[in-house]
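This briefing is meant for a reader who is meeting this structure for the first time. It begins with a sheet and then moves through a helix, the packing, the charged pairs and a covalent link.

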Amino acid sequence: MTARSTRCTTAKTRTSRLAAVAAIAVAGSMLLTACGDQTEGGSTPEGGTSSGAASNAPLFSKLPADIQKSGVVKVGTDASYAPMEYTEGGKIVGVDPDIAEALSKQLGVKFVFTSGTFDGLITSLETGRQDLIMSSMTDNKKRQEGLDDSGKKIGKGIDFVDYFSSGVSLLVKKGNPQGINSLDDLCGKTVAVQRGTIYEDTFKAQAEKCGANKLTIQAFDTDAEAQTRVKAGGAVADLNDYPVAAYIAKTSGGGNDFEVVGSQSDVGLFGIGVSKDDTQLRDAVKEALDAIIKDGSYEKVLEKWDVTDSAVKQATVNAGQ
């Protein structure tokens, strides 16, 4: 399934998120961006939309009173996961920010993105530093229920408004010198992956399956580091969501560094993370997502980024397994 991280330069950059894509215009003042560490600094939203003007938005009244008053929804992300979210020209751009922009038109408030490490995003939500998570985060029972890998309760968990469907794919060195075509081909080899992601969980599960034919996992703070390891030949594969893996293969080194192999596996849902204490915001976001699916603006975002195969037909809550 998938997991994700961020990019500023600090960590969890889903993919290096590599770097850039062509310059993208992010609609003016409707979307503000910032890049900073979520556990310490981050950005402080300035200003907000006046409630008088914002109240004209179709779903403004559905929002919690404090968000109506501030005119801002604070969003945590790991902006290192192109094409989903990454930093370009000092702004956080990509699929998720564009979906947020469409949602903002329904809700009448600004979505202010702050980038930090992926494995700190849920904490930032629980502490109130952020109102939402939009970071290609896989909706699964573990995150919904606040469980660690062993099933131990470590938090209250979070809710998800599911907005995107994606499987994972293996990213290998161009030419596939090790002949990797499936997870089973990794036994006896070394792989690289971003720490704290679902991808790492997938590799751990495969390592158990490999048994004595040991699969060695090298985990890094950012996906960019994992990619570098594969490119240098120190690991045979990285694992990422298909849209991201395909983007990396297409753009890194002019398309000469990597290739995607095998078929997608572990197809699952990305969700917008919301505190379990904030059901009003959750439900408002769900209604806004259904609205942009219905009016076509959601599809336009996916077409722009060539990820229409990952569209959902309607918003759901906690539908991930």
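Three strands form an open sheet in the order 3-4-5, and their pairing is antiparallel. The edges of this sheet are strand 3 (80-81) and strand 5 (91-93), each of which has a single partner strand, so one side of each is left without a neighbour in the sheet. The model described here is a predicted one, and the points below are grouped by topic.

- Strand 4 (residues 85-88) is joined to strand 5 by three bridges, and the two strands run antiparallel; Glu88 has Lys91 of strand 5 as its bridge partner.
- Helix 8 (residues 242-251) has as its buried residues Pro243, Val244, Ala245, Tyr247, Ile248 and Ala249.
- Those buried residues of helix 8 pack against strand 3 and strand 4, and also against strand 8 (158-173), helix 7, strand 11 (238-241) and strand 12 (258-275).
- Gly253, which comes just after helix 8, takes a positive phi of about 60°.

**Nonpolar cores**

- The largest nonpolar core holds 73 residues, and the members that touch the most other members are Val95, Ile99, Phe111, Leu132, Leu186 and Leu289.
- Leaving aside residues up to four places away in sequence, Val95 touches Pro83, Met84, Phe164, Val301, Leu302, Trp305 and Val307.
- Another core, of seven residues, lies apart from the largest one, and its members include Leu125, Met137, Ile158 and Phe160.

- Ala226 is found in helix 7 and counts as buried, because its relative accessibility is 0% and the cut-off for buried is under 20%.
- The C-alpha atoms of Ala226 and Val193 are separated by 5.2 Å, although these residues are 33 residues apart along the chain.
- When residues up to four places away in sequence are not counted, Ala226 touches Ala192, Val193, Gln194, Phe220 and Asp238.
- Glu200, a residue of helix 6, also counts as buried, at 11% relative accessibility.
- The contacts of Glu200, again without residues up to four places away in sequence, are Val193, Gln194, Arg195 and Ala219.

**Salt bridges**

- A search of the whole structure finds 13 salt bridges, and one of them is formed by the side chains of Lys62 and Glu287, at 3.9 Å from N to O.
- Lys62 lies in the loop between helix 1 (51-54) and helix 2 (65-70), while Glu287 lies in helix 9 (residues 279-295), so this pair ties together parts that are 225 residues apart in sequence.
- Both partners count as partly exposed, Lys62 with a relative accessibility of 39% and Glu287 with a relative accessible area of 34%.
- In the salt bridge between Asp221 and Arg195, the closest N and O atoms are 2.6 Å apart.
- Asp221 belongs to the loop between strand 10 (216-220) and helix 7 (223-232), and Arg195 to the loop between strand 9 (190-194) and helix 6 (198-210), so the pair ties together parts that are 26 residues apart in sequence.
- Asp221 is partly exposed at 41% relative accessibility, and Arg195 is partly exposed at 33%.
- Asp290 forms a salt bridge with Lys286, with 3.5 Å between the closest N and O atoms; because they are four residues apart in helix 9, Asp290 and Lys286 are separated by about one helical turn.
- Asp290 has a relative accessible area of 28% and is partly exposed, and Lys286 is partly exposed with 26%.

**The disulfide**

- The count comes to one disulfide, which joins Cys187 to Cys210 with an S to S distance of 2.0 Å.
- Cys187 lies in the loop between strand 8 and strand 9 and Cys210 lies in helix 6, so the pair ties together parts that are 23 residues apart in sequence.
- Such a link is a covalent bond between the sulfur atoms of two cysteines.
- The torsion about the S-S bond of Cys187 and Cys210 is about -80°, so this disulfide is left-handed.
- Both Cys187 and Cys210 are buried.

Methods:
Residues numbered from 1 in each chain as written. Predicted model: local features only at pLDDT ≥ 70, side-chain atom pairs only at ≥ 80, totals over all residues. Heavy atoms only, no water. Salt bridge = Lys/Arg side-chain N within 4 Å of Asp/Glu carboxyl O. Buried < 20%, exposed > 50% of the residue type's maximum accessible area, 1.4 Å probe, protein only. Contact = heavy atoms within 4.5 Å. Core = buried A, V, L, I, M, F, W, Y, C linked by side-chain atoms within 4.5 Å. Pairing = 2+ DSSP bridges. Disulfide = S-S within 2.5 Å.
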